[in-house]
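Colleague: I'm new to this one and would like to learn how to read it. Could you walk me through it, a feature at a time?

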Amino acid sequence: MEKIATPALPFLQEAAGLMAERTGGKPPVALVRTYGCQQNVADGETVKGILAQMGFAFTDDPEQADFILFNTCAVREHAEDRVYGNLGALKNVKRRKPSLLIAVCGCMTEQQQVAEKIKKSFPFVDIVFGTRAIHRLPEMLFSVLSESRRVFLSGQGDRPFSEGLPIRRDSAFRAWVPVMAGCDNFCSYCIVPYVRGREKSRRPEDILRECRELVNAGYREITLLGQNVNSYGKGLAEPVNFSQLLRSIDALEGDFRLRFMTSHPKDATPELFDTMAASRHIPHNIHLPFQSGNDRVLRAMNRKYDRAQYLELICYARSVMPDVSFTSDVIVGFPGETYEEFQDTLTLIQAVDFTNLFTFIYSPREGTVAAGMEDPVTHEEKTRWFAELLRVQEEIAARRGQGMVGAQERVLVEGRDPKTGLLSGRTGGGLVVLFAGGDEWIGQFAQTEILEARGLQLWGRQI
Ligand code: SAH
Ligand code: SF4
Ligand code: F3S
């Protein structure tokens, strides 16, 4: 567990004192549940870091908790519905235990209508705060505890980074390192620029220091985070681009993997792929969301690249890294997309031969440009297209899996597969290999031989 020595945050001691009083001197217990992307997971680790500094212990059981915090995601309606459902279920928990404190933070709360809804429909929620107010958590807790009033603090704050804030990492060997916050791209379907604010890059020396500390502490995998890491460096005092940042981290001595996400195709450069090809620590695998294979739809999405440019990038990456593999995000049923246009997405998937796809049915987000577009295709119809896409990708996955039988793969062992009890490791390309072995391998690299593939699930043995 890495800890950065920091001066205490305002009201941290005071809030910790009141909290301890409330729990009768026993260490207070918190449940922090995070929804959404890795950026949110990283924020959740900072929330837990602050709570740990206040003396909190942690649980997954709502019944055990003195403080429950939902760190929410707004990217699709389904993500929000889950939060509302789970929040509703807390009503009874609070009835049984009136001293329970409840907070909602993260991307959902940055939408005014959502903050209002929580205020009105969930009166048992004590604190609501946005993605840029995390550092003010002790102060908010202090207000609630000392004045018995609800606190709402979203849509403001200017502290996008956890610089100087404590982090309580979920893993002892895999770490998230934010390199930038926010997004300037305004893809027409996407809520992220509205809830995370404008793009801001973190100083390279701060990133490098954090990575060095992680490597020295024995971390085996570092994933750099940003909504569009390829535009890293804009607005920094000293100009530096993402490839330069990658090279400086790659130069650190140690046995670790360096990953990054997400790369926007419009800003992916030959230099990025050259950097990956020449690196010691970066696996030859890249997540490069294409969203749609049709040029009209890409224009309507405001993605700023076309199908040919995307395929050119793939081609260049393969020319400098013949073993490179790709994953991607796809949206099915963007407003006005026709079945013929959707077919272009399928042919692009076949042309690139992705190892894995994260596939989404379009979900309208209030306030975005696409939410105002005509959307004549029914959800039922979109669900059929979606199933068609999954079938295409399953075939590709099955073939790629078979192609790996007999190969030797170095994997980072992440834990045990709950179903089989076997060790579960991940290849540089991000595929899971199951194999027999002792617990001492968890958090270590192991050399395996692939014996069998079922879809993209690989079985192997250690060599
Ligand atoms: N910054 C990243 C993506 C972040 S959101 C990028 O540009 O690649 C993760 C994924 O969610 C997106 O890539 C997109 O495929 C999906 N997504 C975003 N908004 C969506 C919406 N309104 N409906 C359906 N899927 C959406
Ligand atoms: Fe959303 Fe586009 Fe920004 Fe990604 S790049 S977060 S899809 S607006
Ligand atoms: Fe969701 Fe916010 Fe991430 S909307 S996808 S948690 S940036």
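Modeller: Let's begin at ligand 1, where one of its oxygen atoms sits 2.9 Å from an N or O atom in the side chain of R76. That is a polar contact, a pair of N or O atoms within 3.5 Å. Bear in mind that the model is predicted: local features need pLDDT of at least 70, side-chain atom pairs count only at pLDDT 80 or more, and totals for chains, interfaces and linings use all residues. Residues are numbered from 1 along each chain as written, chains are lettered from A and ligands numbered from 1 in the order written, and side-chain values use heavy atoms, without hydrogens and water.

Colleague: Which other atoms lie at such distances from ligand 1?

Modeller: A polar side-chain atom of D329 is 2.7 Å from an oxygen of ligand 1, and a backbone N or O atom of S363 is 2.8 Å from a nitrogen of the ligand. As for cover, the protein buries 90% of the 540 Å² that ligand 1 exposes when taken alone (accessible areas by the Shrake-Rupley method with a 1.4 Å probe).

Colleague: How many residues are around ligand 1, and which come nearest?

Modeller: A residue counts as near if one of its heavy atoms lies within 4 Å. Here there are 15, with R76, Q227, Q291, D329 and S363 coming nearest.

Colleague: Why does ligand 1 lie between two domains?

Modeller: Domain bounds come from an automatic or database domain assignment. Domain 2 (171–283) and domain 3 (287–404) both give residues to the shell, so ligand 1 lies between them. The protein also has domain 1 (12–153) and domain 4 (408–462).

Colleague: How do I read the meeting of domain 1 and domain 3?

Modeller: Their C-alpha centres are 36 Å apart. Counting contact as heavy atoms within 4.5 Å, six residues of domain 1 and five residues of domain 3 take part. Buried area is the accessible area (1.4 Å probe) that two parts lose on being put together, summed over both. For this pair that comes to about 500 Å², 42% of it on carbon and sulfur atoms. On the domain 1 side, R76, E77 and Q113 lose the most area to domain 3, together 75% of what that side buries.

Colleague: Which residues are around ligand 2 and ligand 3?

Modeller: Around ligand 2 are C183, N185, F186, C187, Y189, C190, V192, P193, Q227, H264 and R303. Ligand 3 has C37, N40, C73, A74, V75, C107, R196 and Q227. Q227 is on the list for ligand 2 and on that for ligand 3.

Notes. A polar contact is a pair of N or O atoms within 3.5 Å; within protein, one must be able to donate a hydrogen and the other to accept it, and residues adjacent in sequence count only if both atoms are side-chain atoms.
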